[in-house]
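I opened the structure and kept notes as I went. The entries below follow the order in which I looked things up.

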Amino acid sequence: MIYHYDFLIIGGGVAGMSFALKVAKAHKGTVAIICKTTLDEANTAKAQGGIASVTNLAVDNFDKHIHDTMVAGDWLSDPNAVEHVVRNAPAAIKDLVQWGVNFDKKADGSYDLHREGGHSEFRILHHQDDTGFEIQRGLMAAVRNNPDITVLENHFVVEIITQHHLGKEVTRRTPDIECYGAYVINPDTQKVDTYLSRVTLMATGGTGAVYATTSNPSIATGDGIAMAYRAKGTVKDMEFVQFHPTVLYNPAETHPAFLITEAMRGYGAILKLPDGTEFMQKYDPRLSLAPRDIVARAIDHEMKIHGLDHVCLDVTMKDPEETKKHFPHIYEKCLSIGIDITKQMIPVCPSAHYMCGGIKVDLNGESSIHRLYAVGECSCTGLHGGNRLASNSLIEAVVYAKSAAEHAIANIDNYKFQEDVPEWNDFGTLTNEEKVLITQDEKEVGQVMSTYVGIVRSNLRLKRAWTRLDMLYEETEDLFRRVKPTRDICELRNMINVGYLITRQAIERHESRGLHYNVDYPKKPRN
């Protein structure tokens, strides 16, 4: 089957839905959101802490937020991208509120602002400890109530369509690559349908599932980044994988590991060893509120030198009722495994959390592939540099969704549907034995990445990861050529591609910077 949509959106988190609402409001054409599961299962919904925006002008300003972002990013952030997000953040908050998102307020009606690691002021808007869920809820309601937006759940995108599929040679030096839509697996027929579009948006989220333990849902397999890379798009800064310092240590859960929001440390929780000894004073004067890369490496080091599986987060000194009021979901989750956080310390450890790199885009959110935009975690705007400042991700997605929508609307009349795209050749079969191979290879990718390309790296570890991933790549591509595409084989391909990109770009960076720490290139202090 062949379908036509003016705007084809791949992914349904805050980035995809914000873009959809913007272009649908402009009434410039048909809009479709493709979700590989359901609309409510996105990384957005897992974000606990909040969303950053300068709000309290009595003490805060744009320059402070810009400076905090540059410092956290180890001065690798693009200043233009940082200024673009920070200055447009208040307007993005207003958009979210208009779409039905609620943020906690004080008795006087002002926003109840939190402070998180790396922020010099209280500027984090939140909804209890489930801000991402509230944003997802509000946007889903707005999208489902909009008759101009079609939501296609449980559809999986195999590849985006470019001149390559028309029989033309496309290389990374081809200057005018264009995106004409995508090949999509229909969940009812299990056949690959052709979706032609005038504009395509990639909003597929992150890459956490390529690691053995992650705060991301298992769907975070880096699909958009892998598809753009295979289409010869520019992918940047993949070595900068952010490990959240504090996820609940619970060996029974790996995908996703339960996040203990950074806002808890902003609230006053202190990192300690299981015996109650504090340790962050050895690593940074900001103690438990140092940026995530510093805190994650400190915890990793303490766990290694003491032979621990976890450290602890202590919030027992705070008022129990206030703690339960601010963090009801964390309280309930910990209580479900026998930990009362008002009386006992929380066992925590670092876990793969956020991809700072991705599909390189400009200030309009457009990639190096014409007519293909990328917004949210799958994109690399330059905002995060070497390390994302806490709560900058959700606001980045909303700001860039607006920029991309405005640019796409202004240019869509210049684009036509590419009607001569061939249908997908779905020759092949998939046996149960081959499914076992796919499952085993997915586990191996996670083991390779966590063991060799984790918080602390070395040239030897990276080389070993490269060798293992190259073998997996050859085996998987050979299998893919012989079978009909299914979600599991496609996700495995994408995970291997993403692991390769993280490893290769880590090898290419001959320094320790931001989230990339290589023991063969000791970090030098900045002057």
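**Entry: two packed helices.** I began with the contact list of a helix pair. On the helix 12 side I found Leu462, Ala465, Trp466, Leu469, Leu472, Tyr473, Thr476, Glu477, Leu479 and Phe480. They meet Ile489, Cys490, Leu492, Arg493, Ile496, Asn497, Gly499, Tyr500, Thr503, Arg504, Ala506 and Ile507 of helix 13. I sorted this contact by class and got 15 nonpolar, four polar and three charged residues. I note that the model is a predicted one.

Next I looked up the geometry. Helix 12 covers residues 459-482, and helix 13 covers residues 487-508. Angles over 145 degrees count as roughly antiparallel, so that is how I describe helix 12 and helix 13 relative to each other. I also checked the hand: helix 12 passes helix 13 in a left-handed crossing.

Entry: I traced an open sheet of three strands with mixed pairing, in the order 9-14-16. Strand 9 (235-236) and strand 16 (379-380) are the edge strands, and each pairs on one side only. Strand 14 holds residues 358-360 and runs parallel to strand 16, joined to it by two bridges. I looked for the residue opposite Ile359 and found Ser379 in strand 16.

**Entry: the helix across the sheet.** I then asked what lies across strand 9 and strand 14. Helix 5 (residues 223-230) does, and it runs at about 45 degrees to strand 14.

Is helix 5 buried or exposed? I found eight of its eight residues buried, so helix 5 is largely enclosed by the rest of the structure. The buried residues are Asp223, Gly224, Ile225, Ala226, Met227, Ala228, Tyr229 and Arg230. I listed what covers them: strand 9 and strand 14 are included, as are strand 6 (156-161), strand 8 (192-202) and strand 13 (346-355).

I placed Arg371 in the loop between strand 14 and strand 15 (372-374). Its relative accessibility is 4%, so Arg371 counts as buried.

Ser391 is another residue other than glycine with a positive phi, near 70 degrees. Ser391 sits in the loop between strand 16 and helix 10 (392-411). With a relative accessibility of 5%, Ser391 counts as buried.

**Entry: Ala352.** I finished in strand 13, where Ala352 is found. Ala352 has 1% relative accessibility, so it counts as buried.

Which residues touch Ala352, leaving aside its neighbours within four places in sequence? I found Gly208, Tyr211, Thr213, Thr214, Ser215, Asn216, Gln242 and Phe243 in contact with Ala352. I also took one C-alpha to C-alpha distance. Ala352 and Ala209 are 8.2 Å apart in space and 143 residues apart in sequence.

Conventions
Residues are numbered from 1 along each chain as its sequence is written. This is a predicted model: local features need pLDDT of at least 70, side-chain atom pairs count only at pLDDT 80 or more; totals for chains, interfaces and linings use all residues. Side-chain values use heavy atoms; hydrogens and water are left out. Axes are lines fitted to C-alpha atoms, for helices over the stretch in contact, and angles run from 0 to 180 degrees between N-to-C directions. Helices (H or I, at least four residues) and strands (E, at least two) are DSSP runs, numbered from the N terminus. Angles under 35 degrees count as roughly parallel, over 145 as roughly antiparallel, 65 to 115 as roughly perpendicular and the rest as oblique. A crossing is left-handed if the near helix is turned anticlockwise from the far one by less than a right angle, and right-handed if clockwise. Contact means heavy atoms within 4.5 Å. Ala, Val, Leu, Ile, Met, Phe, Trp, Tyr, Cys and Pro count as nonpolar, Asp, Glu, Lys and Arg as charged, and the others, Gly among them, as polar. Two strands pair if DSSP finds at least two bridges between them. Buried means under 20% relative accessible area, exposed over 50%, partly exposed in between (1.4 Å probe, protein chains only).
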